[in-house]
Amino acid sequence: MSLTPAGVEEDITLAFGYGRDEAPPLDVIEELATALDTDRRLVTLLTTIRAARRDLTVPPSLEAPPFPVAFTLGSDEAEAIGRAHAGHPPISLMPTRLGLGSKPALHYSMVDGTDPDAWSTFQRLIRHLFIPRQTQGK
């Protein structure tokens with residue numbers, strides 16, 4: 001947690017465990033992102049998934065890295081970037097509008113956590129959103 005001119009800034013990690021025969025709870029991401037944006041002024045939310053133990057403990061061996069499955073821009077951040085720009089990334093990843101009203105958060109659902117190209121997709125999305133247009137491609 002840190003104090004910024006805009007207020008308090010926090011990085012939070014949430015972890016969910018599920019068994020091998022269960023589907024990951026990806027259906028709760030949009031609801032969580034909407035609540036965080038509405039109640040806590042969400043800036044960004046990156047959701048990743050990786051194979052692990054159900055109890056979330058980490059064995060003393062190398063495991064596969066996580067894969068991104070979703071990225072959410074809070075409503076204020078989407079407004080600052082520009083809705084037209086944020087709403088049309090140069091990849092096949094169209095955002096879902098979260099929340100009510102004219103200033104929704106934008107939620108980019110990527111994959112189910114098994115696509116090895118997910119990090120490349122995420123990087124292209126981040127470059128599109130956060131690197132000014134005049135410096136892209138240089």
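Visitor: How many of the residues of strand 6 are buried?

Guide: This is a predicted model. In it, 4 of the 5 residues of strand 6 are buried, which leaves the strand mostly covered.

Visitor: In what order do the strands of that open sheet run?

Guide: The sheet has 4 strands in the order 3-4-6-5, and their pairing is antiparallel. Strand 3 (44-49) and strand 5 (96-98) are the edge strands; each has a single partner, so one side of each is left without a neighbour in the sheet. On average, neighbouring strands are turned by 25° against each other, direction ignored.

Visitor: How many bridges hold strand 3 to strand 4?

Guide: Strand 3 and strand 4 pair over 6 bridges in the antiparallel sense. In that pairing, Leu46 is the residue opposite Phe71 of strand 4.

Visitor: And how many bridges join strand 4 to strand 6?

Guide: There are 4 bridges between strand 4 and strand 6, again antiparallel. Ala70 stands opposite Ser109, a residue of strand 6. Strand 5 and strand 6 also run antiparallel, and 3 bridges join them; here Leu98 faces Ala105 of strand 6 as its opposite residue.

Visitor: How many residues lie between the strands in the hairpin of strand 5 and strand 6?

Guide: That hairpin has 6 residues between its strands, and Gly99 takes a positive phi near 95° there.

Visitor: Is Glu31 buried or exposed?

Guide: Glu31 has 62% relative accessibility; residues over 50% count as exposed, so Glu31 is exposed. Glu31 belongs to helix 1.

Visitor: Which strands does helix 1 lie across?

Guide: Helix 1 (residues 29-40) lies across strand 3, strand 4, strand 5 and strand 6 (105-109), and runs at about 45° to strand 5. Helix 4 packs on the sheet as well, where it touches strand 3, strand 4 and strand 6. The direction of helix 4 makes about 20° with that of strand 4.

Visitor: Changing topic to the rings: how many aromatic pairs are there?

Guide: The count comes to 3 aromatic pairs. One of them joins Phe71 and Phe122 edge-to-face, with 5.6 Å centre to centre and 65° between the planes. Phe71 lies in strand 4 (residues 67-73) and Phe122 in helix 4 (residues 118-130), so this pair ties together parts that are 51 residues apart in sequence.

Visitor: Are those two, Phe71 and Phe122, buried or exposed?

Guide: Both Phe71 and Phe122 are buried. They also belong to a cluster, in which ring pairs link Phe71, Tyr108, Trp119 and Phe122.

Visitor: Finally, what volume does the largest pocket have?

Guide: The largest pocket has a volume of about 1,700 Å³. It is lined by 44 residues, and those closest to its centre are Ile12, Thr13, Leu14, Leu45 and Leu46.

Visitor: Which elements give two or more residues to that lining?

Guide: Strand 2 (7-9), helix 1, strand 3 and helix 2 (75-81) each give two or more residues to the lining. Strand 3 gives the most, with 6 residues.

Definitions and conventions. Residues numbered from 1 in each chain as written. Predicted model: local features only at pLDDT ≥ 70, side-chain atom pairs only at ≥ 80, totals over all residues. Heavy atoms only, no water. Phe/Tyr/Trp six-rings, centres within 6.5 Å; stacked < 30°, edge-to-face > 60°. Buried < 20%, exposed > 50% of the residue type's maximum accessible area, 1.4 Å probe, protein only. Pairing = 2+ DSSP bridges. Axes fitted to C-alpha atoms, helices over the stretch in contact; angles between N-to-C directions. Contact = heavy atoms within 4.5 Å. 1 Å grid on protein atoms, 1.4 Å probe; cavity = no way out; pocket = protein on both sides within 12 Å on 5 of 7 lines; lining within 4 Å. Points joined across faces, edges and corners; volume = space filled by probe spheres on them.
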